[in-house]
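Here are my notes on the model you sent. Please read them with the coordinates open.

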Amino acid sequence: MEVLVLEPTLYTVKAIFIIDNDGERILAKYYDNPYPSVKEQNAFEKNIFNKTHRTDRAIALLEGLTVVYKSNIDLYFYVIGSSHENELMLVAVLNCLFDSLSQMLRKNVEKRTLLENMEAVFLAID
Amino acid sequence: MIKKFDKKDEELGSGSNPYQQLEKSAVLQEARLFNETPLNPRKCLHILTKILYLLNQGEHFGTTEATEAFFAMTKLFQCNDQTLRRMCYLTIKEMANISEDVIIVTSSLTKDMTGKDDVYRGPAVRALCRITDMTMLQGIERYMKQAIVDKVASVSSSALVSSLHLLSTSYDVVKRWVNEAQEAASSDNIMVQYHALGLLYHIRKTDRLAVTKMVNKFTKSGLKSPFAYCMLIRIASKLLEEAEGGQDSPLFDFIEGCLRNKHEMVVYEAASAIVHLPNCTARELAPAVSVLQLFCSSSKPALRFAAVRTLNKVAMKHPSAVTACNLDLENLITDSNRSIATLAITTLLKTGSESSVDR
């Protein structure tokens, strides 16, 4: 029998990452340990990217995890959570991240501006 | 040398990544600049960013080199540049596990967390808790208790979340902070309230009676934060599940009441909680199913996804309860999101009769 009720916890987000057009990691933060090594993380990111880019579906269930995402110009933003997680909470995180960045960068959130303001991005996610 | 690097970054032009060709050894070499006086905040900030970028890309730092960089970084505390200081906090957190003797910054962080500048205090609390081990925790306990009840939301939230992280290593110390957390739980700030409730639950989760009391208290007084509501719904449904009793307890009434909350997030959490309760009767399911039905026609893909996924689960146990939604589900078959469409089809297969298959 599957887990019926999710253990109440404050650990909602498993990972956040920002990936560019080519599927390369710009930034990634893992809050849990489903993919402890860098190699596994990269493979996971590539996999998610391949399954999601060029679609504007906003949400998907991949590798048993709920993935909410958003793309903008040449960037892809992902927020990953458990498949039992309240999807709307994950969307709230994603929107918060994206809106904060838009406000901080004061223009289009694209790869170049993002890299020019990397420290701000680190601080925002923190 | 740094100047050259900066220039090179700019010349690379758009499209390319200025951080791409970074060499770890070169960056660590640059970090020696931190020892210079007077400091150049802008340059140092750039170097720190490079270090963090390398760490983020998964570059491996040896203990010696990490420690060296860490100690160089501590020199930056002399500078009062706001962004630079905050990057220092980040570096401390990222290096806490790979560098040695990180406790050297304890006094600087304690100073910042009790200082006047609110911008520093929250991040300083979080950095401090990362480098603190069980033996040192008692030394800062007083400050932590103060920070939890601080009236600045970011400080209070930071302290609560840090306490939660500390719980796994120093349960006995953190559980003494219950009173402070309790006070924070009545905060007007939605994040503080959420974090406080989370911490309280985690401290008490082994004590069923305490959890029940807590849930009763909050279901009566109500909460401001939608996140906290979601959390409370989860705790309540866990209690209900363990009780295995009838669903007519006040806990169930509370969850059902949340179906009328003004936040979609809470409504969905409540509906999904009801659906997942064991031995739920069709009559009890009905209100939950009807809000899910409403969500099916939402403009937000995530909401449609959530709704149809939950209905899919209902259909496994109570196909008849979902039949009312068949029309809405049929609309979703052509949804632009393939996951939603697939889920809609499988759900329909479980509930559909011959007549609907034809359509």
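This is a predicted model: local features need pLDDT of at least 70, side-chain atom pairs count only at pLDDT 80 or more; totals for chains, interfaces and linings use all residues.

The points below cover a hairpin, the nonpolar cores and the salt bridges.

1. Strand β3(A), residues 59–62, pairs with strand β4(A), residues 65–72. The sense is antiparallel, with four bridges. Leu61(A) sits opposite Thr66(A) of β4(A). Two residues separate the strands of this hairpin. In the turn, Glu63(A) has a positive phi of about 50°.

2. Main core. The largest nonpolar core counts 146 residues. Which residues touch the most other members? They are Phe77(A), Ile92(B), Leu109(B), Ile255(B) and Leu329(B). Helix α14(B), residues 226–243, gives the most to this core: eleven residues.

3. Contacts of Ile92(B). Leaving aside residues up to four places away in sequence, Ile92(B) touches Phe70(B), Met73(B), Phe77(B), Val105(B), Leu109(B), Ala127(B) and Ile131(B).

4. Second core. A separate core holds 17 residues. Among them are Ile48(A), Leu65(A), Tyr69(A) and Ile80(A).

5. Salt bridge between chains. Over all chains, the structure holds 13 salt bridges. One of them links Arg309(B) and Glu87(A), with the closest N and O atoms 3.2 Å apart. Arg309(B) lies in helix α18(B), residues 301–317, and Glu87(A) in helix α2(A), residues 87–105, so this pair joins two chains.

6. Arg176(B) and Glu141(B). These side chains form a salt bridge at 2.9 Å, N to O. Arg176(B) is in the loop between α10 and α11 of chain B, while Glu141(B) is in helix α8(B), residues 134–148, so the pair ties together parts 35 residues apart in sequence. Arg176(B) counts as partly exposed because its relative accessibility is 43%. Glu141(B), at 11%, counts as buried.

7. Lys300(B) and Glu264(B). The closest N and O atoms of this salt bridge are 2.7 Å apart. Lys300(B) lies in the loop between α17 and α18 of chain B and Glu264(B) in helix α16(B), residues 264–276, so the pair ties together parts 36 residues apart in sequence. Lys300(B) is partly exposed, with a relative accessible area of 42%. Glu264(B) is partly exposed too, at 32%.

8. Network. Salt bridges also link Asp118(B), Arg121(B) and Asp150(B) in a network.

How values were computed: Residues are numbered from 1 along each chain as its sequence is written. Chains are lettered from A and ligands numbered from 1 in the order in which they are written. Side-chain values use heavy atoms; hydrogens and water are left out. Two strands pair if DSSP finds at least two bridges between them. A nonpolar core is a set of buried Ala, Val, Leu, Ile, Met, Phe, Trp, Tyr and Cys residues joined through side-chain atoms within 4.5 Å. Buried means under 20% relative accessible area, exposed over 50%, partly exposed in between (1.4 Å probe, protein chains only). Contact means heavy atoms within 4.5 Å. A salt bridge is a side-chain nitrogen of Lys or Arg within 4 Å of a carboxyl oxygen of Asp or Glu.
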